[in-house]
Amino acid sequence: MHPHRARSPRRRLHRTVLAGAAALALMLGTAGAATAAPESAGDHAIEEGHAYMGVGQEIHGAPEATPPSGLGIKGSGGGVQGIDVSHHQGGINWGAVRNSGIQFAWIKATEGTSFEDPRFNTNYTGAYNAGVIRGAYHFARPNVSSGSVQANFFASNGGAWSRDNRTLPGVLDIEHNPYGAMCYGKSTSQMRSWISAFYNTYKSRTGRDVVIYTTASWWNTCTGRWSGMGNKSPLWAAHWTSSPSPTIPAGFPTWTAWQYTSTGSVNGVSGNVDRNKFNGSRSRLLALANNT
């Protein structure tokens with residue numbers, strides 16, 4: 001586990017870094033100086049182990065990262081509501097979260113092959129005790145090890161599953177690389193193999209199909225619009241929009257969960273928190289949790 005560090009203000013830090021870089025490039029351009037192509041903004045925007053759902057599209061300016069003008073527009077705020085969290089949210093009052101109408105949550109457990117979220121155990125237990133149906137997520141780092149190695153690391157450190165009416169299958173968070181090149185230096189065929197290895201190992205360890213969290217732009221670019229997971233993994237689509245439904249990646253017939261904003265608010269959580277909607281009723285959410 002990486003040592004605990006004081007948490008930085010989520011979102012604002014990264015936007016400040018990117019805005020500063022853009023301003024510097026503009027000044028250089030207006031001064032007539034030659035402007036070399038900058039390093040990926042992700043190279044220095046966050047420390048290793050501090051990634052969270054949506055950070056890649058924030059840093060890279062993905063089309064899905066345009067914030068909506070408000071919550072609840074055209075129904076995104078209705079239905080079965082959830083959140084996703086990591087140590088960036090600090091202490092969470094899960095009783096207040098549940099009382100505010102949140103029914104499910106996915107909680108960061110691991111990243112790559114060595115990082116464990118320092119607040120995972122507290123959040124995972126707190127959510128369960130408050131009656132929130134919860135699961136764990138793994139932030140993928142395809143450039144540091146095989147998919148099989150990372151799936152085993154995840155399953156051994158919070159990503160396992162049990163049929164207890166409150167545990168969702170684990171999530172593979174695979175998105176724009178916040179630390180460097182968008183597709184982690186892999187070809188589309190290599191990325192497909194990496195994802196397949198993660199899926200197969202996770203299913204072998206847990207008996208469940210891993211949920212895939214991604215964006216249409218990342219998936220279509222980095223897997224080459226691959227349809228190979230559409231009949232296996234439930235899709236959690238990230239698209240921060242006020243539209244009535246998200247844009248989904250090629251190859252998936254529909255979405256199971258939708259992260260519709262990165263700037264939501266919920267009682268019991270300080271500051272911004274990702275808001276999510278489940279595509280179905282609470283009984284269907286329980287069916288996903290219990291593999292029925």
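Biologist: Is Asn 123 buried or exposed, and what is its relative accessible area?
Modeller: This is a predicted model, where local features need pLDDT of at least 70 and side-chain atom pairs count only at pLDDT 80 or more, while totals for chains, interfaces and linings use all residues. Residues are numbered from 1 along each chain as its sequence is written, and side-chain values use heavy atoms, leaving out hydrogens and water. Buried means under 20% relative accessible area, exposed over 50%, partly exposed in between (1.4 Å probe, protein chains only). Asn 123 counts as buried because its value is 2%.

Biologist: Which helix holds Asn 123, and which residues does Asn 123 touch?
Modeller: Helices (H or I, at least four residues) and strands (E, at least two) are DSSP runs, numbered from the N terminus. Asn 123 sits in helix H5, residues 120-129. Taking contact as heavy atoms within 4.5 Å and not counting residues up to four places away in sequence, Asn 123 touches Val 85, Ser 86, Ile 92, Trp 94 and Ile 107.

Biologist: Which strands do the buried residues of H9 pack against?
Modeller: H9 spans residues 282-290, and its buried residues include Leu 285, Leu 286 and Leu 288. The buried residues of this helix pack against strands S1 (80-85), S2 (102-111), S4 (133-139) and S9 (273-278).

Biologist: Which residues are linked in a network of salt bridges?
Modeller: A salt bridge here is a side-chain nitrogen of Lys or Arg within 4 Å of a carboxyl oxygen of Asp or Glu, and a search of the whole structure finds four. Glu 48 pairs with Arg 141 at 3.3 Å, N to O. Arg 141 also bridges to Glu 111, with the closest N and O atoms 3.2 Å apart. The network links Glu 48, Lys 108, Glu 111 and Arg 141.

Biologist: How far apart are the closest N and O atoms in the salt bridge between Lys 203 and Asp 209?
Modeller: Lys 203 is partly exposed at 35%, and Asp 209 is partly exposed at 23%. Their closest N and O atoms are separated by 2.9 Å.

Biologist: What separates the C-alpha atoms of Thr 254 and Leu 235?
Modeller: Thr 254 lies in the loop between strand S7 (235-238) and strand S8 (257-264). Leu 235 is one of the residues Thr 254 touches. They are 19 residues apart along the chain, and their C-alpha atoms are separated by 7.3 Å.
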